[in-house]
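This report describes the architecture of a single protein model. Please consult the sequence and structure shown below alongside the text.

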Amino acid sequence: MTDVLIAGSGPTGLTLACDLARRGIPVRVVEQREAPHRESRGKGLRPGSLQVFEELGVAERVRAAGRAGLVLRKYFDGEHVTDTPADDGLLIGQWQIEEALRDRLAELGVRVEYGARLAAIRQDEAGVEAELADGSVIRARYLAGCDGGGSTTRKLLGIPFEGHTAQEEAMVLGDVRAPGLSREFWHQWFTAEGGGILLCPMPGTDSFQLQAMPEVDERGATRPPSLEGFQRLFDRYARMPGIELADPTWLSSWRINVRVAARIRQGRVLLAGDAAHVHPIAGGLGMNTGIEDAAALGRALAAVLTGGAGEEVLDAYETERLAVAAAVVADTTQRYERVVEAVRTPGRGTEAGRDRDPYDLPAKPEPEQEP
Ligand SMILES: Cc1cc2nc3c(=O)[nH]c(=O)nc-3n(C[C@H](O)[C@H](O)[C@H](O)COP(=O)(O)OP(=O)(O)OC[C@H]3O[C@@H](n4cnc5c(N)ncnc54)[C@H](O)[C@@H]3O)c2cc1C
């Protein structure tokens, strides 16, 4: 029997695994994928996450793989309008964050178990029995469901995921090469007609993360992402003849999904990360909130398992993190609306979703006139 079984090896599950393992608490991680992915996905680490990584001994390798100080270059109707300095976060692909955490976890003696899908849960006063899709059973004192927005753990427990999901995709995304395009900027093109495309150079690779409003077909339905579609969107919004997008390694689409789990503790099973809350990507808080959930859950489980604390510590985890989730959902919804509104103005871009939008800072007061 292990102390903690973690379902899911995204940023949340891996952060929790590293935190427990460094405290000497026996932990296992099961992951339904057959192997790690290489998708850029959540690409910004906030200072709070870096502080968590500092404690886990991961911050240095993450800083080495990432890039600070990238400039946002804004264009309107194909013309370069302005440049804005980056915020205080670190640009790095999600797969690289996961790789750094996995490497640290291996140093601590734990390896992710791939091709292992959680399929059923039974629990009693003594522990949890997790059944995998292949029929094998793992016994643990606690189970942490870090298995993403479609969380099997949450569904198996019958916990409602309250909120709403938009009918249509709001964005297509992918990782592509764009030979000839400068890698010094996060390029953001918007137009008076209302569409836009963003290409962000991902460190440690020769690809860009592409984000764009999707194409619609003759019936008004959004088209799925494809390299040909990305090129059509690029030509329409960026208007840079000669740049040919190539070699897509990830194609995806995203729709607005704003939901929070009704509970994140049910007996010996706890939820964290996207399994507990999903919200708009503006401000880049999804992955970062999951990393901070994991740090809080690691502290709570350690207090119960090795510190002699009572189960009320796990209730406190639920109260504390559900309040954070509610605040993040409200905050990111507002940030998203701010960005959608701001990009109608030439020279504006994703900085409108930051904590402190440089365009909204009070202007310097006029010097007082001599009487
Ligand atoms: C297109 C896109 C763009 C994004 N952009 C940003 C951004 O800019 N900034 C930001 O902060 N966030 C961003 N996010 C959000 C960010 O990617 C997520 O918030 C983050 O991945 C959540 O981490 P997680 O570990 O909780 O869940 P996930 O990363 O989803 O990991 C869950 C893991 O659980 C595994 N799993 C699922 N079910 C089972 C099962 N039954 N058994 C075992 N394993 C299972 C999955 O395979 C997966 O590996 C983006 C997300 C998407 C999809």
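Which residue takes a positive phi just after α2? Gly57 does, with a phi of about 80°.

**Basis of the model**

The model is predicted; local features need pLDDT of at least 70, side-chain atom pairs count only at pLDDT 80 or more, and totals for chains, interfaces and linings use all residues. Residue numbers run from 1 along each chain as its sequence is written.

**Overall architecture**

The protein contains eight helices and 20 strands; helices (H or I, at least four residues) and strands (E, at least two) are DSSP runs, numbered from the N terminus. The C-alpha trace spans about 70 × 65 × 40 Å along its principal axes.

Among contacts with a separation of 6 or more, 72% join residues 24 or more positions apart; a contact requires C-beta atoms, placed from the backbone, to lie within 7 Å.

**Domains**

Domain 1 comprises 2–68 + 91–166 + 257–341, and domain 2 comprises 171–255; these bounds come from an automatic or database domain assignment. The centres of the two domains, taken over C-alpha atoms, are separated by 30 Å. In the interface, 15 residues of domain 1 are in contact with 10 residues of domain 2.

**A three-stranded sheet**

Strands β3, β7 and β4 form an open sheet in the order β3-β7-β4, with antiparallel pairing; two strands pair if DSSP finds at least two bridges between them. Because β3 (44–45) and β4 (67–68) stand at the edges with a single partner strand each, one side of each is left without a neighbour in the sheet. Two bridges link β3 to β7 (residues 90–91) in the antiparallel sense, and Gly44 stands opposite Leu91 in β7.

**Helix α2**

Within α2 (residues 47–56), the residues Ser49, Val52, Phe53 and Leu56 are buried. They lie on the same side of α2, because they cover an arc of only 100° around the axis, the arc being that of the directions from the helix axis to the C-beta atoms. The buried residues of α2 pack against α1 (11–22), β3, α3 (59–65), α4 (94–107) and α7 (286–305).

Note on methods:
Two residues are in contact if their C-beta atoms, placed from the backbone, lie within 7 Å. A residue is buried if 20 or more other C-beta atoms lie within 10 Å of its own, exposed if 12 or fewer, and partly exposed in between; C-beta atoms are placed from the backbone.
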